[in-house]
Every structure is written in structure tokens, then in C-alpha cells.
Amino acid sequence: MTEQAARKPFLYVVVCAAGIAADVSKLITAAQERDWETGVIATPVAMNGFFDTAAVEAQTGRPIRSAWRTPAEPRPFPAPDAVVVAPATFNTVNKWAAGIADTLALGTLCEAAGLGVPIAVLPCVADALAAHPAYRDSLERLRGMGVRFGEPYTGEPSDDGARPEFGWERALDLLERG
């Protein structure tokens with residue numbers, strides 16, 4: 001058996017700065033239960049307290065990537081077999097659709113889309129921002145590129161004050177359907 005055939009598929013988890021990111025370990029656990037190796041790439045703002053970076057590094061066994069590496073540095077992750085963006089913010093979705101690669105997370109998403117790597121996105125965007133025409137255009141452009149989107153999540157509490165669950169595993173279901 002070749003090394004390529006023996007290794008588990010590798011999933012990049014791109015984490016953006018939204019409050020729900022605190023629970024990203026749920027996605028990592030679900031991915032690992034489905035036999036994925038995982039590596040996390042976070043937006044620079046997400047690294048500023050939006051999730052427990054030490055716990056995520058312990059869970060994945062890999063450092064979280066947020067900054068570009070130099071050409072002399074080895075690649076810390078293998079090439080992705082798939083990518084999940086969760087939570088995906090208004091800013092990240094719009095910049096990605098426009099081809100802006102000013103962070104490692106965005107550069108990774110632009111490149112993965114260009115390589116045809118399967119990508120699933122769980123948006124976490126307030127209704128007011130989701131109504132913006134640029135956001136709607138961005139979703140259309142990314143869908144046209146084959147990006148798979150889960151149901152939008154606003155995080156707004158229901159009438160009883162409870163916040164709905166964020167469907168972390170839905171991202172993995174979206175990858176499996178294609």
C-alpha cells in the first residue's frame with residue numbers, strides 16, 4: 001500500500017471571528033469520528049480569543065496556522081482533501097468571492113477553490129448583513145464555483161431566549177454529498 005493510500009484524508013478547518021467559533025472543537029471531533037485528519041487555519045482576528053487555541057492544537061495534534069510561512073519553512077499540513085469554513089463571516093465570504101487573499105485563510109480558500117478541492121461553508125452572518133447585495137452576489141459567485149453552503153446561522157435567540165444549535169456536522173454532510 002502506498003503512503004498516499006494509507007493516510008487518512010486531510011481536512012482544513014478555516015475558522016473565522018464569530019462567537020460560535022468557541023465551539024469549533026465540535027466540528028473537529030465530528031471530523032475525527034468520520035476518519036479525517038484535521039488542521040486548523042484561523043483568520044487573524046479569530047486568533048484573538050474567539051476559540052481556545054491551545055485546546056484545538058491539542059485536539060488536532062498540529063499548530064493552528066494563521067500567518068504565511070516563508071518559502072524556507074516546511075509545509076505544516078499536507079494538501080487538503082477538503083475544506084470546511086465554519087463559522088464563515090460576512091467579511092470572509094465577500095473577500096473570498098472577490099478573490100482577495102490578504103490573509104492565509106483567504107489565500108487558502110482562493111487556492112483550494114482554484115484546485116477544485118471540495119469546500120463546505122457554514123455561514124454565521126446577521127440578517128442585516130446577509131441582506132446586503134454584495135453578500136448575496138458573493139454567495140452566488142461562490143456557489144457557481146462549486147462551493148457548498150449550509151443553512152445560514154444568525155445566532156439570534158428565539159422567542160424563548162435560547163440560541164439555536166450551530167450545525168457543525170452539517171459541513172461534513174455537505175462534503176459527503178458530492
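This is a predicted model: local features need pLDDT of at least 70, side-chain atom pairs count only at pLDDT 80 or more; totals for chains, interfaces and linings use all residues.

User: How many bridges join β1 to β3?

Analyst: These two strands run parallel. One of the contacts links valine 13 with its bridge partner in β3, valine 84. The number of bridges joining β1 to β3 is four.

User: And in what order do the strands of the open sheet come?

Analyst: The sheet is open, has five strands and uses parallel pairing. β2 (37-42) and β5 (148-149) each have a single partner strand, so they stand at the edges with one side left without a neighbour in the sheet. Reading across, the order is β2-β1-β3-β4-β5.

User: Is strand β1 buried or exposed?

Analyst: Take its two faces in turn. Phe10, Tyr12 and Val14 cover one side, while Leu11, Val13 and Val15 sit on the other, and all of them are buried. That makes six of the six residues in β1 (residues 10-15), so the strand is largely enclosed by the rest of the structure and counts as buried.

User: Which helix makes a β-α-β unit with β1 and β2?

Analyst: β1 and β2 pair in the parallel sense over six bridges, and valine 14 stands opposite isoleucine 41 in β2. The β-α-β unit they belong to is right-handed, and its helix is α2 (residues 24-33).

User: Which residue in β4 stands opposite valine 85?

Analyst: Strand β3 (residues 82-88) runs parallel to strand β4 (residues 119-123), and four bridges join them. Opposite valine 85 you'll find valine 121.

Note on methods
Residues are numbered from 1 along each chain as its sequence is written. Side-chain values use heavy atoms; hydrogens and water are left out. Two strands pair if DSSP finds at least two bridges between them. Buried means under 20% relative accessible area, exposed over 50%, partly exposed in between (1.4 Å probe, protein chains only). A crossover is right-handed if, with the strands pointing away from the viewer, the path from the first strand over the helix to the second runs clockwise.
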